[in-house]
Amino acid sequence: MARRVHQPLEDQEFDFILGMSPGPVLAYFTGTWPKAALACRAMDVLVGELAQEYGTRLTAVRTDITRCPGPTRRFGVTGAPTVVLVKDGGAVASQAGPMTREEFRAFLDAHL
């Protein structure tokens, strides 16, 4: 994944990144269990590319559901992959399941 995507290893690190980000945060929730892994790997590449493309307009955070259960519960994530756009600490939009590049751009553009 691109360097612009943060990968917190625990809840406190996720919350720190959320609190220090100057603008919207794209929280991308992933899973490693077999049913989710394939879709998540495909989305990893896309999230990294879009994080580079959108640059300073957003901060991207790749979050493993099992490592960061607090944010997973807080944002109502029940499966992976799921993306949640967070502004001022609250979720403004979310989308579960894999997306195409065009769908992902439309999701971001509608809410940024």
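This is a predicted model: local features need pLDDT of at least 70, side-chain atom pairs count only at pLDDT 80 or more; totals for chains, interfaces and linings use all residues.
Local features were taken at pLDDT of at least 70 and side-chain atom pairs at pLDDT 80 or more, while totals for chains, interfaces and linings use all residues. Residues are numbered from 1 along each chain as its sequence is written, and side-chain values use heavy atoms, without hydrogens and water.

Helices (H or I, at least four residues) and strands (E, at least two) are DSSP runs, numbered from the N terminus. Helix H2 covers residues 34–54. Its expected span is 1.5 Å times one less than its number of residues. For the 21 residues of H2 this gives 30 Å, and the end C-alpha atoms are 30 Å apart, which agrees. Just after H2, Gly55 adopts a positive phi of about 50°.

Buried denotes under 20% relative accessible area, exposed over 50% and partly exposed in between, with a 1.4 Å probe and protein chains only. Buried residues of H2 include Ala36, Cys40, Met43, Val47, Leu50 and Tyr54. An α-helix has 3.6 residues a turn, so residues three or four places apart point the same way. The buried residues of H2 pack against strands S1 (5–6), S2 (25–30), S3 (59–64) and S4 (82–87), and against helix H4 (101–111). Contact here means heavy atoms within 4.5 Å.

Strand S3 is mostly covered, with six of its six residues buried. Thr59, Val61 and Thr63 point one way; Ala60, Arg62 and Asp64 point the other way. Strands pair if DSSP finds at least two bridges between them. S1 and S3 run parallel, joined by two bridges. Val5 has Ala60 as its bridge partner in S3. S2 and S3 also pair in the parallel sense, over six bridges. Here Val61 is the bridge partner of Ala27. S2, H2 and S3 form a right-handed β-α-β unit. Right-handed means that, with the strands pointing away from the viewer, the path from the first strand over the helix to the second runs clockwise.

Three aromatic pairs were found in the whole structure. Phe14 and Phe29 form a tilted pair, 6.2 Å centre to centre with 40° between the planes. Phe14 lies in helix H1 (residues 11–20) and Phe29 in S2, so the pair ties together parts 15 residues apart in sequence. Rings of Phe, Tyr and Trp (its six-membered ring) pair if their centres lie within 6.5 Å; planes under 30 degrees apart count as stacked, over 60 as edge-to-face and the rest as tilted. Phe14 is buried at 1% relative accessible area, and Phe29 is buried at 0%. Ring pairs link Phe14, Phe29 and Phe75 into a cluster.
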